[in-house]
Amino acid sequence: MTNDNNTNDAVNIIVLIGKSGAGKDTLASDLCRNYEMFSMCISTTSRPIRVNEIQCVHYNFVSSDKFLEKIKNSEMLEYRSYETKLNGIDDIWYYGTEKSEVKNGSVLVLDFPGLLNLKSALKDVNVISLYLDCSDDERKRRAQERGSFCEEEWNRRLIDDSNKFN
């Protein structure tokens with residue numbers, strides 16, 4: 001964790017949380033594009049890449065084995081797993097934040113447990129968290145527009161989101 005300004009100022013990061021499709025990635029991209037003080041923290045995941053996603057832009061896509069190796073090597077600040085079912089196939093997807101990605105002015109997109117784990121790992125960092133809310137109908141529309149939409153996986157996310165945020 002570094003303070004890029006090389007000052008004694010506190011290290012500040014922004015964490016955006018919310019249900020799937022609430023607009024977290026869009027807001028994070030807008031913040032980083034429009035304000036040079038912010039930089040996107042690219043999360044690491046083992047889930048399959050979606051249509052229109054780009055490696056090292058949207059996520060650092062790795063295999064499950066590589067993700068577990070990063071955990072073993074203490075490279076992750078926080079991580080979590082999800083039991084998924086995509087196109088009828090059961091799987092476990094891992095998501096997390098690598099230590100090397102976080103610096104002063106980083107903008108992260110996490111779920112609520114990810115935020116709690118990050119705050120626990122970064123006790124000396126000022127974590128500013130914002131919750132984004134959006135209707136279920138709008139969230140589903142956005143998810144469908146991303147491409148690679150799977151109704152079964154969407155329904156799993158609805159249940160998971162309900163458990164985390166209601």
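Predicted model: local features only at pLDDT ≥ 70, side-chain atom pairs only at ≥ 80, totals over all residues.
Which element gives the largest share of the lining of the second largest pocket?

1. The largest pocket has a volume of about 960 Å³. It is lined by 35 residues, and those closest to its centre are D25, R50, Y59, V109 and R146.

2. Several elements contribute to the lining of the largest pocket, and at least two residues come from each of α1 (24-34), β5 (76-86), β7 (106-110), α4 (136-146) and α5 (151-165). The largest share, six residues, is supplied by α5.

3. The second largest pocket, with a volume of about 250 Å³, is lined by 16 residues, of which R50, L86, S148, C150 and E153 are the closest to its centre. To return to the opening question, the largest share of this lining comes from α5, which gives three residues, while α4 and α5 each supply at least two. Here the residues divide into eight nonpolar, five charged and three polar.

4. Helix α5 also holds W154, and this residue counts as buried because its relative accessibility is 4%, where the cut-off for buried is under 20%. If residues up to four places away in sequence are not counted, W154 touches S20, D136, R139, K140, A143 and F149. W154 and Q144 are 10 residues apart in sequence, and their C-alpha atoms are 9.3 Å apart in space.

5. In soluble globular proteins, nonpolar side chains tend to be buried together. The largest nonpolar core in this model has 15 residues, and those with the most contacts inside it are I13, V15, V102, L108, L118 and L122. Two or more residues of this core come from each of β1 (12-18), β7 and α3 (112-121), and β1 gives the most, with three residues. L108 can be followed in detail: once its neighbours within four places in sequence are left aside, L108 is in contact with I13, I14, V15, L16, C41, T97, V102 and L118. Apart from this core lies another, of 11 residues, including A22, F38, V107 and L132.

6. Four strands form an open sheet in the order β2-β7-β1-β8, and their pairing is parallel. The edges are taken by β2 (39-40) and β8 (126-132), each of which has a single partner strand, so one side of each is left without a neighbour in the sheet. The parallel strands β2 and β7 are joined by two bridges, and within this pair S39 stands opposite S106 of β7.

7. Other strands pair in the antiparallel sense, as with β3 (residues 44-45) and β6 (residues 89-98), which are joined by two bridges; here T44 has G96 in β6 as its bridge partner. Strand β6 also pairs with β5, again antiparallel, over 10 bridges, and in this pairing the bridge partner of K85 is D90 in β6. The hairpin of β5 and β6 has two residues between the strands, and in this hairpin N87 takes a positive phi near 50 degrees.

Terms used. Residues numbered from 1 in each chain as written. Heavy atoms only, no water. 1 Å grid on protein atoms, 1.4 Å probe; cavity = no way out; pocket = protein on both sides within 12 Å on 5 of 7 lines; lining within 4 Å. Points joined across faces, edges and corners; volume = space filled by probe spheres on them. Nonpolar A, V, L, I, M, F, W, Y, C, P; charged D, E, K, R; others polar. Core = buried A, V, L, I, M, F, W, Y, C linked by side-chain atoms within 4.5 Å. Buried < 20%, exposed > 50% of the residue type's maximum accessible area, 1.4 Å probe, protein only. Contact = heavy atoms within 4.5 Å. Pairing = 2+ DSSP bridges.
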